[in-house]
Amino acid sequence: MGNERPHYYGKHGTPQKYDPTFKGPIYNRGCTDVICCVFLLLAIVGYVAVGIIAWTHGDPRKVIYPTDSRGEFCGQKGTKNENKPFLFYFNIVKCASPLVLLEFQCPTPQICVEKCPDRYLTYLNARSSRDFEYYKQFCVPGFKSNKGVAEVLRDGDCPAVLIPSKPLARRCFPAIHAHKGVLMVGNETTYEDGHGSRKNITDLVEGAKKANGVLEARQLAMRIFEDYTVSWYWIIIGLVIAMVMSLLFIILLRFLAGIMVWVMIIMVILVLGYGIFHCYMEYSRLRGEAGSDVSLVDLGFQTDFRVYLHLRQTWLAFMIILSILEVIIILLLIFLRKRILIAIALIKEASRAVGYVMCSMLYPLVTFFLLCLCIAYWASTAVFLSTSNEAVYKIFDDGPCPLTAKTCNPETFPSSNESRLCPNARCQFAFYGGESGYHRALLGLQIFNAFMFFWLANFVLALGQVTLAGAFASYYWALRKPDDLPAFPLFSAFGRALRYHTGSLAFGALILAIVQIIRVILEYLDQRLKAAENRFAKYLMTCLKCCFWCLEKFIKFLNRNAYIMIAIYGTNFCTSARNAFFLLMRNIIRVAVLDKVTDFLFLLGKLLIVGSVGILAFFFFTHRIRIVQDTAPPLNYYWVPILTVIIGSYLIAHGFFSVYGMCVDTLFLCFLEDLERNDGSAERPYFMSSTLKKLLNKTNKKVAES
């Protein structure tokens, strides 16, 4: 090397100067971004207060068990509704929104009933027939038939119409796809009663059709739940296999990095090739079968996903997607073949670092545990907040009554002073919600709950990145490896991160959380504007979503490198982010050559593990492995455990490779810093290993040739 200096720096910032006292991560450091640390602690205190308030007002049983308009549970022992397990909605049209049904709070009167209606009746017809006694069981408790028809319907004492329904999750939903006695859907939906009269109920059926879509979705969810109950232990076995494969893959990389990388590349190509072959065989097998040529557009959405596997177009689409992936990977390999050889050297060095800091492989479990705590607190708080709404009753009067629109209690109203002041007034159900300050602030509390979840989750991820970066930086800046490596580098880095840099981590996580909550709000607004025909609004919303998506990706990249600089130098967030960005810009060619190529190789490793476990799960759950053919459980949808195993395998592989990725990024930044601080002479020796010195020769040669 001699006194040769790397000749490419660029124009961004000032390169680091030689410092004979610098030996790696600085131990004598101070607290950074203290104000952000204080803000985080105050926000956590407020978050706990919101949780306590939500737990005081909410009742998560409302999500599972139905409640009537007075907030009383249906079918619960020890209540007056003990023998009435089902919930009946007066006007199903108002329950047409899937969001309303998922929250189980339709803005219509609802009562507990012994059974759902099994016939079509209108209040007008039933009142003058022998079916009136049957009809009255679907009226409000204590209903008296001394009112006129208009008054009964006006006061909401009885539903205007009954239609045949079937219970699901203890709630009565219209059964609109049957033969006689049930509504039929067509250009105009009608019902033929026993007397030959036809009732036009198109509006009702439109609401019922939307509600029935949610009904079918819930049936699908119940079948999926049944599949999980019989296959959960096989799913766990599949995930354990994925974990063992990931760990074995990481261990082999330490000793056989070059061979493993090329084997991984070839295996991914073969796995994709087999997928293309299998799709082609299924496509050919279905040729000529009845119904196999139906297009996906004509078929529409089906809750039974097995229907799609009997269509040739499905397998053709799979084959095209896999072929495109195969071609892209092959082209990337052709154009990046020399850079892959360079990246292998960096992976070898990362393997040695992980080998000397082996406990780093277990750190993702800490991150996973902390994230589970964040998710559990967020989800429970969200459920309690969403079940805090109460049925609001208000006074209605057709005459001049000064109490109109004021809240009332339907149980005490008949004997109250209000009823004496306005004799013709009535206390009716108005809406779900509440008029207290807490209920008016529910939407804001939900937004705050989501924002705090993003902030804390990003903080947990940042803590993991700083901890791993500090441990691997200690390895790199040890002149004699591993003799100069400090004892317990991972625990030391974790302690430094919490003691000195909680504020900096909170600052970076806060910036990212703000962008993420803005994206959530944009998605919400986009859903609300879908029905609008304003093209400019749709175009503007699309542009904003795209811009904030790009901004989030950039901030994640900047934060990751800023955390590495924080772990090494102990500077505040803004200084670390600026130094990391300028360092990367001064070495942009090396960034493009090495960093992204290693990311691509790690992606191939994930695909290999996920593809192998996914194929094994496919053959097992479809009873195609003869040895264990009778062991596989019977399923409604065999794709449920297969998809779960695939997603779980990817998350497990991502957890292991994230440690490797953080190691590569840390060593890469340290490598660039080493090039700027030292020149390889005896007075200013490089801290890099012999493997990275070879990598330096190759990169300098490539730059010189270019």
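The legends below describe close-up views of the cavities in this predicted model.

**View 1. The cavities found in the whole structure.** When the whole structure is searched, two cavities of 30 Å³ or more are found. The largest cavity has a volume of about 110 Å³, while the second largest cavity holds about 30 Å³ of space.

**View 2. Residues around the largest cavity.** The lining of the largest cavity is made up of 13 residues, and those that lie nearest its centre are F88, Y89, F90, I92 and I163. Two or more lining residues come from each of the elements β1 (86-89), β4 (161-162) and β6 (171-174), and among the elements β6 gives the most, with three residues.

**View 3. Residues around the second largest cavity.** The second largest cavity is lined by R29, V466, G470, A493, R496, A497, H501, I566 and A567. The helices α14 (442-476), α15 (489-500) and α17 (535-569) each supply at least two residues of this lining, and the largest share, three residues, comes from α15.

Key: Residues are numbered from 1 along each chain as its sequence is written. This is a predicted model: local features need pLDDT of at least 70, side-chain atom pairs count only at pLDDT 80 or more; totals for chains, interfaces and linings use all residues. Side-chain values use heavy atoms; hydrogens and water are left out. On a 1 Å grid over the protein atoms alone, a cavity is a set of points where a 1.4 Å probe fits but cannot get out, and a pocket is an open set with protein on both sides within 12 Å along at least five of seven lines; lining residues have an atom within 4 Å of a point. Grid points are joined across faces, edges and corners, and a volume is the space filled by probe spheres set on the points. Helices (H or I, at least four residues) and strands (E, at least two) are DSSP runs, numbered from the N terminus.
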